[in-house]
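I opened my notebook to look up pockets and a helix pair in this model. Here is what I wrote down along the way.

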Amino acid sequence: MGIGLELYDRYTALSAPHVTPVHVRKGTMLQEAGTRATHYYWISSGVARRGHISVAGEDLTLGFITEGENTGSHSDMMGGLQGEPALEFFVAETAVEAWRIDWMAMQRHKAEHGFVHEYYLKIIECSIRRYAANLQIRSHNTAEARLEAFRSQFPGLEQRITQRALASYLGITTQYMSRLRKTP
């Protein structure tokens, strides 16, 4: 289920003044944990990594965002409206071309235009599906099964990301990830 073309076109026209094209290099932070989230990014090319810093200070990979998907933790964006710091971060895993979108403007448009609320719900539905896919992958008991599920759910993505990021996502060490990749 995607976003209808007419709905997309209407929203794009309305939001154009609040959207900026960006081109960033690998390693660029799109959203930092600990700072207020005020914008999100719609990825047109490249891969971004979604992460969280654990209580122990570990960089944990929660998922990946690719072409046609948006960054931004909904809870961080909503917290940002109240001045709260983000708990998650988004970093360019590869060079990224994206559209930077003002969250506050989207919220104002949502309150003023019914079709924006409909568009917003479609975006939320896509995000929930992506979140569910990540949970399904992580629910497997073995690293081998998690890797196979990742490959099945996200064909071709493994070649676009670092071994370290994939190992973090799968909850294993980079050394073990290296052994898994060598196993036929």
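This is a predicted model: local features need pLDDT of at least 70, side-chain atom pairs count only at pLDDT 80 or more; totals for chains, interfaces and linings use all residues.

I began with the second largest pocket, which is lined by Y8, Y11, T12, S15, A16, V19, Y40, W42, W99, I101 and Y119.

Helix 1 (5–15), strand 3 (39–45) and strand 7 (96–102) each give two or more residues to it. Helix 1 has the largest share, with four residues. By class I noted nine nonpolar and two polar residues, and no charged ones. The space in this second pocket is about 220 Å³.

Then I turned to the largest pocket, which holds about 490 Å³ of space. I found 26 residues in its lining, and R50, G72, H74, S127 and R130 are the ones nearest the centre. Which element supplies the largest share of this lining? My note says helix 4, with ten residues. Strand 5 (59–65), helix 2 (74–81) and helix 3 are also among the elements that supply at least two residues each. The lining divides into 13 nonpolar, nine polar and four charged residues.

Last, I looked at how helix 3 (residues 103–112) meets helix 4 (residues 114–138). Their axes come within 5 Å and cross at roughly 125°, so I put the two helices down as oblique to each other. The crossing of helix 3 past helix 4 is left-handed. On the helix 3 side, the contact is made by W103, M106, Q107, H109, K110 and E112; helix 4 brings G114, V116, H117, Y119, Y120 and I123. I sorted this contact into six nonpolar, four polar and two charged residues. Y119 was already in my notes, as part of the second largest pocket's lining.

How values were computed:
Residues are numbered from 1 along each chain as its sequence is written. Side-chain values use heavy atoms; hydrogens and water are left out. Axes are lines fitted to C-alpha atoms, for helices over the stretch in contact, and angles run from 0 to 180 degrees between N-to-C directions. Angles under 35 degrees count as roughly parallel, over 145 as roughly antiparallel, 65 to 115 as roughly perpendicular and the rest as oblique. A crossing is left-handed if the near helix is turned anticlockwise from the far one by less than a right angle, and right-handed if clockwise. Contact means heavy atoms within 4.5 Å. Ala, Val, Leu, Ile, Met, Phe, Trp, Tyr, Cys and Pro count as nonpolar, Asp, Glu, Lys and Arg as charged, and the others, Gly among them, as polar. On a 1 Å grid over the protein atoms alone, a cavity is a set of points where a 1.4 Å probe fits but cannot get out, and a pocket is an open set with protein on both sides within 12 Å along at least five of seven lines; lining residues have an atom within 4 Å of a point. Grid points are joined across faces, edges and corners, and a volume is the space filled by probe spheres set on the points.
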